[in-house]
Amino acid sequence: MEMNIQLKSLADKINQLKSKIETEESTKHAFVLPFINILGYDAFNPLEVVPEFTADLGLKKGEKVDYAIFQNGEPIIIVECKSWKEKLTVHNSQLFRYFHVTKTRFALLTNGINYQFFTDLDDQNKMDEKPFLEFDICNLKENTINEIAKFHKANFDVDNIVSNASSLKYIKEIKKQISTELENPSNEFTKLFANKVYTGRLTEKVVEEFKDLVQKSVNQFINDKINDRLNAALSKETIKQQDEEIISLEDDNKVVTTEEELDGYRIVVAILRRKLPISRIVYRDTQSYFGILLDDNNRKPLCRLHLNGGKKYISLFNNNKSEAKIAISSIDDIYQYEKELLETAALYETELNPV
């Protein structure tokens with residue numbers, strides 16, 4: 001099973017169970033350990049996942065971190081868990097104290113729903129105060145899943161993750177700055193654009209006027225880009241539909257309507273004309289079967305004739321519009337199903353004119 005499917009399955013489980021999970025311990029077992037398993041580590045193998053992991057903290061003895069994930073006999077990720085109801089904060093976290101006394105480069109703080117991955121980008125062997133990767137497992141995006149996959153047992157490479165962590169950290173901070181500027185443009189951000197288009201002196205009043213213009217321009221630019229992509233996608237879908245129609249027409253050209261099929265159609269018309277105008281009983285021949293429809297509507301099949309495959313069949317439709325395929329020896333046998341054909345026609349008429 002691919003990781004994205006496993007994560008989606010866990011997210012569904014969390015949404016179903018969280019109202020019944022009351023404690024931190026339950027959160028660990030129901031949410032966190034399954035996530036560790038998705039990363040490829042056996043939560044029930046003490047050589048890979050060590051619960052209540054203790055390290056030598058000098059004078060402070062007996063402190064434990066919830067889990068340590070091991071590889072080749074060394075801890076590679078230490079994990080601290082909270083109840084899913086608690087907000088995550090690294091203040092006074094045991095992760096800080098454990099980080100510098102183990103050989104690990106990664107720490108994970110989680111409540112089973114929100115996950116924060118830390119490393120030591122700012123000072124070596126000292127855990128950063130801000131996570132380089134942060135996500136809500138119930139609201140994952142594809143690029144985040146790609147980052148999670150790097151922690152999988154089969155992919156784990158310390159140097160690669162640390163190198164990428166620096167980019168993730170700055171991308172996250174830049175995105176926050178962009179979001180802030182879009183909501184409330186700063187003077188610096190406003191002047192960046194105003195200087196390009198305004199020839200006069202940028203007084204305080206002019207800058208204030210341009211803030212609104214810059215905000216509107218950026219929002220319109222983003223909307224235009226979104227619309228362009230939507231239109232491009234719709235255009236591709238239209239081309240696809242046109243191609244499918246061409247293929248369908250090519251398939252129709254291969255269909256040969258036999259005289260026997262037309263005779264079968266005439267028998268059905270003879271049966272139903274007492275209840276329906278002949279103009280409403282229409283046939284459509286396909287490569288698979290000869291269909292007889294009410295009002296030339298695919299959703300109103302009266303019956304289907306299968307006459308070109310050696311054995312002959314008629315398909316009838318019940319009240320649930322499910323198809324029943326019945327063997328016949330010749331088209332004359334169609335007369336035997338007069339009652340069923342009339343009932344099917346009456347069904348559609350009832351739908352149009354409910355009592």
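Arginine 273 is exposed in this predicted model. Its relative accessibility is 51%, and the cut-off for the exposed class is over 50%. Arginine 273 therefore counts as exposed rather than partly exposed. The residue lies in a loop. Helix H8 (259-272) stands on one side of that loop, and strand E7 (281-285) on the other. Leucine 342 is 69 residues away from arginine 273 along the chain.

Isoleucine 222 falls in another class. This residue is partly exposed, at 33% relative accessible area, because that value sits between the limits of 20% and 50%. Isoleucine 222 belongs to helix H7, which spans residues 204-253. It is also one of the residues of a nonpolar surface patch.

Rolling a probe the size of a water molecule over the atoms shows where empty space is left. One cavity of 30 Å³ or more was counted. The largest cavity holds about 30 Å³ of space. Its lining consists of Phe132, Leu133, Glu147, Lys150, Phe151, Ile161, Asn164 and Leu168. Five of these lining residues are nonpolar, one is polar and two are charged. Helix H5 (residues 158-183) contributes the most to the lining of the largest cavity, with three residues.

Conventions
Residues numbered from 1 in each chain as written. Predicted model: local features only at pLDDT ≥ 70, side-chain atom pairs only at ≥ 80, totals over all residues. Heavy atoms only, no water. Patch = residues over 30% accessible without salt bridge, like charges linked within 9 Å, V, L, I, M, F, W, Y side chains within 5 Å. Areas by Shrake-Rupley, 256 points an atom, 1.4 Å probe, with all protein chains shown as cover. Salt bridge = Lys/Arg side-chain N within 4 Å of Asp/Glu carboxyl O. Helix = DSSP H or I, 4+ residues; strand = E, 2+ residues; numbered from the N terminus. Buried < 20%, exposed > 50% of the residue type's maximum accessible area, 1.4 Å probe, protein only. 1 Å grid on protein atoms, 1.4 Å probe; cavity = no way out; pocket = protein on both sides within 12 Å on 5 of 7 lines; lining within 4 Å. Points joined across faces, edges and corners; volume = space filled by probe spheres on them. Nonpolar A, V, L, I, M, F, W, Y, C, P; charged D, E, K, R; others polar.
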